[in-house]
Amino acid sequence: MIREWRTVTAHLLTGFLGSGKTSLLKRLLALPDLVGTAVLINEFGEVGLDHLLVEEVDEQVLLLKSGCVCCSIRGDLRDGLERLHGRMESGLIPPFERVVIETTGLADPVPIIAGFTADPALRWHFRLGNVVTVVDAVNGLANLDRFPEAMKQVAVADRLVVSKTDLADPRTLVQRLRTLNPTAQLHLSTEAAAAPMALLVDDGQDRAAEMARLVHAEQGDHDHHPSGPRTFCLTADAPLDWAAFGLWLSLLLHTHGTSILRVKGLLQVQGVARPVVVQGVQHLVHKPLHLDGWPDGEPQTRLVVIGVGLDQAAIERSFRAFCRLGRMPAAPALEPMRAR
């Protein structure tokens, strides 16, 4: 029997040590909506899913009562994903619709995210979905101040989950998270458990909602945390030339390298009726996507830049210069951009 080829969406679940990643994952996997999920857990992490285990397939793979699959990673992430996909194709494990990758608490998520764009073999079978970061209300503020890994985990997130809200008032932490990453959806842990698909789905409807928040994102005040990531938004009222913008973005990512944690935005492009979504991590840019319409009904380019040690004024000047340079007929098609 020939299986239909399709890519599997891989979501990244991260968060600092003790934040409650495994507890959240445990609750999510017990819900009917997430039947058909594969889970990759770093072998040095705390698996913590024993009460869900029902059968051991081999020394690495476990079937869960919920109908999901749990697999410990031995070696690098790419090998773990490819082995898991190979088992599914061979019929050794049940088919899965999505993968959740739980990182260790000290993991820097940026190389993992970049791997889904840089590795052609990985892209053949998987596409990156949401980056979900768990931050606990008890120690979250202290971790953000002390550990750059915790800061990066928050800065690159698409979804932020505040855990342990029964043990500490989360309001100050929520304000800090909004400043560090104004475009991410933010959930309290009780809400996350009630609506798992808000965390682990990536379709046009959800992306439109995310971009609606991007429209209203404001620059945060980082004066109290000068060593942390800085977030600012670049805007343009006139449609952009795609070629000129691609050159500018490539130069930006090449110049600043690892200082750019994330770039994501909504573009108004010459000759293209629908808004274009672009996302990049460090020196890599994902394939552009189209939305059906503008979330607020107002065509305007908004590009959020998240990074460390960036000169915001210089980046804004270069962006305005390329906007002026690019007032020419647009290229007829949009192709993936990658900084070299």
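**Entry 1. Exposure of Lys152**

I take a residue as buried when its relative accessible area is under 20%, as exposed when it is over 50%, and as partly exposed in between. The model I am reading is predicted. I looked up Lys152 and found a relative accessible area of 22%, so Lys152 is partly exposed.

**Entry 2. The protein as a whole**

I noted 11 helices and 15 strands in the protein. Of its 340 residues, 52% are buried. I also looked up how far apart in sequence the contacting residues lie. Among contacts with a separation of 6 or more, 77% join residues 24 or more positions apart.

**Entry 3. Helix α2**

I checked the length of helix α2, which holds 13 residues (residues 77-89). At 1.5 Å a residue the helix should span 18 Å, and its end C-alpha atoms are 18 Å apart, so the two values agree.

Which residues of α2 are buried? I listed Leu77, Gly80, Leu81, Leu84, His85, Arg87 and Met88. These residues cover an arc of only 155 degrees around the axis, and therefore they lie on the same side of α2. After the helix comes Gly91, whose phi is positive, near 80 degrees.

In soluble globular proteins, nonpolar side chains tend to be buried together.

Apart from its neighbours within four places in sequence, Val99 is in contact with Val8, Thr9, Ala10, His11, Ala38, Leu40, Leu81 and Phe126.

**Entry 4. Lys164**

Most residues other than glycine have a negative phi. Where is Lys164 placed? I found Lys164 in the loop between β8 (159-163) and α7 (171-180). Its phi is positive, near 60 degrees, although the residue is not a glycine. With a relative accessible area of 28%, Lys164 is partly exposed.

**Entry 5. Aromatic pairs**

A pair of aromatic rings is described by the distance of the centres and the angle of the planes. My search of the whole structure gave 4 aromatic pairs. In one of them, Trp242 and Phe245 have ring centres 6.2 Å apart and planes at 35 degrees, and the pair is tilted. Both residues belong to helix α10 (residues 242-256), and because they are 3 residues apart there, about one helical turn separates them. Trp242 and Phe245 are both buried.

Is the pair of Trp248 and Phe319 stacked or edge-to-face? The centres of these rings are 5.0 Å apart and the planes stand at 65 degrees; an angle over 60 counts as edge-to-face, so this pair is edge-to-face. The pair links distant parts of the chain, since Trp248 is in helix α10 and Phe319 is in helix α11 (residues 312-325), 71 residues apart. Trp248 and Phe319 are both buried. I noted finally that ring pairs link Trp242, Phe245, Trp248 and Phe319 into a cluster.

**Entry 6. Salt bridges**

How many salt bridges does a search of the whole structure find? I recorded 5 salt bridges, and I describe some of them here.

The side chains of Glu97 and Arg98 form one, at 3.4 Å from N to O. Glu97 is partly exposed, with a relative accessible area of 48%, whereas Arg98 has 8% and therefore counts as buried.

Asp108 and Lys152 form another, at 3.1 Å from N to O. This bridge joins distant parts of the chain: Asp108 lies in the loop between β6 and α3, Lys152 lies in helix α6 (residues 148-155), and the two are 44 residues apart. Asp108 is partly exposed at 27%, and Lys152, the residue of my opening entry, is partly exposed at 22%.

The salt bridge of Asp145 with Arg176 has its closest N and O atoms 3.2 Å apart. Asp145 is in helix α5 (residues 140-146) and Arg176 in helix α7, 31 residues apart, and so this pair too links distant parts of the chain. Is Asp145 buried or exposed? With a relative accessible area of 52%, Asp145 is exposed, whereas Arg176 counts as buried at 8%.

Terms used:
Residues are numbered from 1 along each chain as its sequence is written. This is a predicted model: local features need pLDDT of at least 70, side-chain atom pairs count only at pLDDT 80 or more; totals for chains, interfaces and linings use all residues. Side-chain values use heavy atoms; hydrogens and water are left out. Helices (H or I, at least four residues) and strands (E, at least two) are DSSP runs, numbered from the N terminus. The expected span of a helix is 1.5 Å times one less than its number of residues. Buried means under 20% relative accessible area, exposed over 50%, partly exposed in between (1.4 Å probe, protein chains only). The arc is that of the directions from the helix axis to the C-beta atoms. Contact means heavy atoms within 4.5 Å. Rings of Phe, Tyr and Trp (its six-membered ring) pair if their centres lie within 6.5 Å; planes under 30 degrees apart count as stacked, over 60 as edge-to-face and the rest as tilted. A salt bridge is a side-chain nitrogen of Lys or Arg within 4 Å of a carboxyl oxygen of Asp or Glu.
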